[in-house]
Amino acid sequence: MSEIKNISVIGAGQMGHQIAMLCALGGYETVIQDLQDEALAKAKEKLEAIMARWVQKGKISEEEAAKAFHRLRFTASLEEAAAGADLIIEAVVEKIEIKRDVFSKLDKLASPHAIFATNSSTIVNSLLADVTDRPDKFINMHFFFPPLVMDCVEVVKSQKTSEETSQAAMDVCRRINRTAFLLHKEVSGFVANRILGALQKEAVYLYEQGIADFKDIDSICRKALGHPIGPFELMDLSGIDVGYFVMEQRYKETGNPEDKPYSCLEEKMKKGELGRKTGKGWYDYEGQGVK
Ligand SMILES: NC(=O)c1ccc[n+]([C@@H]2O[C@H](COP(=O)([O-])OP(=O)(O)OC[C@H]3O[C@@H](n4cnc5c(N)ncnc54)[C@H](O)[C@@H]3O)[C@@H](O)[C@H]2O)c1
């Protein structure tokens with residue numbers, strides 16, 4: 001397998017723009033693609049602000065930041081993103097039909113040697129790889145939010161993923177300074193999100209039963225369990241829609257009523273209260289500016 005030099009990231013949302021920056025900082029020629037020009041402009045603006053802060057704090061030099069930006073290209077064209085890529089990391093919205101559509105197009109546009117990775121929070125790669133002719137070159141690379149801060153990637157093999165592909169994905173993680181863990185079998189949600197999901201399920205149960213206010217549940221988790229952030233605060237941080245889509249997908253796969261999205265999340269979805277990104281979720285962020 002040829003060495004990975006060029007990486008493309010599809011989707012410039014909360015995750016994609018930071019994954020692309022990690023790749024550019026790691027020395028890869030990187031392309032970030034999104035359907036929406038607005039998402040690309042926002043991504044660029046956010047990354048410039050983060051890198052300016054890193055330079056100010058002495059985390060990287062001004063020259064290193066400039067070089068990384070030089071290696072990073074923004075585009076709305078999928079053709080441009082696919083051309084020349086050795087590794088394509090998909091980070092579009094958590095909807096299986098959309099991901100399958102993206103990969104089916106990419107399969108025709110990308111070079112046959114290119115590895116495809118999905119950053120999905122829950123969907124195993126074999127549910128996407130069957131729209132392509134490269135199931136051996138397909139893998140999960142699950143980054144955590146926010147990728148520029150969180151030092152963990154779950155790399156998940158399917159039964160068809162080749163050893164070369166998983167080694168290439170692990171090598172990329174090393175080069176971009178992220179600790180990667182190889183999961184040898186597919187399981188919906190992988191490790192961290194399954195454990196987190198169990199915690200959130202219990203937190204929502206206690207809230208919906210009227211046993212305690214969500215703010216108190218968050219405080220108990222922080223004070224008694226030493227968690228750095230409560231389960232409801234975390235839902236706001238990562239996006240209530242993201243958690244909702246994850247549950248919706250899991251329910252589609254298992255048919256287990258226990259996996260159905262919680263009614264309190266459904267209500268928030270209807271109201272468009274998706275957490276920090278919309279200024280309101282479980283908590284109100286209007287006064288603090290949307291982060
Ligand atoms: N937010 C998290 O905490 C988190 C953590 C780990 C993994 N993930 C996963 O990462 C993926 C992206 O999540 P996010 O939070 O960045 O979502 P997001 O909604 O912030 O961003 C998704 C982006 O994808 C773009 N998009 C949609 N369809 C597209 C298409 N066909 N082609 C190109 N771009 C397209 C949208 O314009 C948007 O900018 C999801 O699969 C999610 O499960 C999210």
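An oxygen atom of the ligand lies 2.7 Å from an N or O atom in the side chain of lysine 99. The model is predicted, so that local features require pLDDT of at least 70 and side-chain atom pairs pLDDT 80 or more, while totals for chains, interfaces and linings use all residues. Residues are numbered from 1 along each chain as its sequence is written, and side-chain values use heavy atoms, without hydrogens and water.

**The ligand and its shell**

| Residue | Protein atom | Distance to a ligand oxygen atom |
|---|---|---|
| Lysine 99 | side-chain N or O | 2.7 Å |
| Glutamate 94 | polar side-chain atom | 2.5 Å |
| Valine 92 | backbone N or O | 3.2 Å |

Taken alone, the ligand exposes 840 Å², of which the protein buries 87%; accessible areas come from the Shrake-Rupley method with a 1.4 Å probe, and for residues only the protein chains shown count as cover. The ligand is surrounded by 25 residues, each with a heavy atom within 4 Å of it. By class, 12 are nonpolar, 10 polar and 3 charged; nonpolar covers Ala, Val, Leu, Ile, Met, Phe, Trp, Tyr, Cys and Pro, charged covers Asp, Glu, Lys and Arg, and the others, Gly among them, are polar. Helix H5 (96-109) gives the most to this shell, with 3 residues. Helices (H or I, at least four residues) and strands (E, at least two) are DSSP runs, numbered from the N terminus.

**Aspartate 107**

Helix H5 also holds aspartate 107. Aspartate 107 is buried, with a relative accessible area of 16%; buried means under 20%, exposed over 50%, and partly exposed in between (1.4 Å probe, protein chains only). Its side chain forms a polar contact of 2.7 Å with that of arginine 134.

**The nonpolar cores**

The largest nonpolar core has 40 residues, and Phe143 is among those with the most contacts inside it. Such a core is a set of buried Ala, Val, Leu, Ile, Met, Phe, Trp, Tyr and Cys residues joined through side-chain atoms within 4.5 Å. Apart from this core lies another, of 18 residues, including Ile10 and Phe116.

**Backbone features**

A cis peptide bond, with omega about -10°, joins phenylalanine 145 and proline 146. Asparagine 177 has a positive phi of about 70° and is exposed, at 62% relative accessible area. Phenylalanine 190 also has a positive phi, near 60°, but is buried, at 1%.

Technical notes
Polar contact = N/O pair within 3.5 Å; in protein donor to acceptor, adjacent residues only side chain to side chain.
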